[in-house]
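Good morning, and thank you for coming. Please have the structure open as I speak.

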Amino acid sequence: MVSRDEVLQKWRQGGGFESVGRQLGMAAGKAYMIATGIPADGSDSLAPEDQEREGLQLGGSQALLGVPHHNPTGPEEKAEVMAWVRDRARAELKH
């Protein structure tokens with residue numbers, strides 16, 4: 001298991017959470033959550049004291065999830081999103 005200190009140490013070296021995730025063999029969003037204690041999906045409301053957490057990315061952490069981050073309006077875009085969801089679900093079943 002990777003500790004918060006390990007993740008933050010690598011993050012401090014630069015390259016961001018994408019780089020940290022690659023180095024530690026995990027998704028960037030998982031590295032972000034280990035480091036900050038906050039999910040990268042931006043779903044949590046942050047208390048003022050949470051905004052001081054080391055590694056916190058206000059307004060930009062969702063990109064760490066590797067999720068298409070545009071509004072799918074056409075049928076092709078919606079199919080792309082559904083394919084991504086299916087792939088993620090299959091990957092979770094393997095773990």
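This is a predicted model: local features need pLDDT of at least 70, side-chain atom pairs count only at pLDDT 80 or more; totals for chains, interfaces and linings use all residues.

The buried residues of helix H3 pack against two partners, helix H1 (4–12) and helix H2 (16–24). Residues are numbered from 1 along each chain as its sequence is written, and side-chain values use heavy atoms, with hydrogens and water left out.

Which residues of H3 are buried? In H3, residues 28–36, they are Ala28, Gly29, Ala31, Tyr32, Ala35 and Thr36; buried means under 20% relative accessible area with a 1.4 Å probe, protein chains only. They cover an arc of only 160° around the axis, which puts them on the same side of H3. The arc is that of the directions from the helix axis to the C-beta atoms. After H3 comes Gly37, with a positive phi near 80°.

Let me turn to the helix pairs. Two packed helices are described by the angle between their axes and the distance between the axes. Axes here are lines fitted to C-alpha atoms, for helices over the stretch in contact, with angles from 0 to 180 degrees between N-to-C directions.

For H1 and H3, the axes come within 8 Å and cross at roughly 110°. H1 and H3 are therefore roughly perpendicular to each other, a label given to angles of 65 to 115 degrees. Their crossing is left-handed. On the H1 side, Arg4, Val7 and Leu8 meet Ala31, Ile34 and Ala35 of H3, contact meaning heavy atoms within 4.5 Å. The residues of this contact divide into five nonpolar, no polar and one charged.

For H1 and H2, the axes come within 9 Å and cross at roughly 125°. That makes H1 oblique to H2. H1 passes H2 in a right-handed crossing. Val7, Lys10 and Trp11 in H1 meet Gly16, Phe17, Val20, Gln23 and Leu24 in H2. Here the residues divide into five nonpolar, two polar and one charged.

Finally, the chain as a whole. How many helices and strands does the chain have? There are four helices and zero strands, where helices are DSSP runs (H or I) of at least four residues and strands (E) of at least two. Of the 95 residues, 21% count as buried. The C-alpha atoms fill a box of roughly 40 × 30 × 20 Å, taken along the principal axes.

How values were computed:
Buried means under 20% relative accessible area, exposed over 50%, partly exposed in between (1.4 Å probe, protein chains only). Angles under 35 degrees count as roughly parallel, over 145 as roughly antiparallel, 65 to 115 as roughly perpendicular and the rest as oblique. A crossing is left-handed if the near helix is turned anticlockwise from the far one by less than a right angle, and right-handed if clockwise. Ala, Val, Leu, Ile, Met, Phe, Trp, Tyr, Cys and Pro count as nonpolar, Asp, Glu, Lys and Arg as charged, and the others, Gly among them, as polar.
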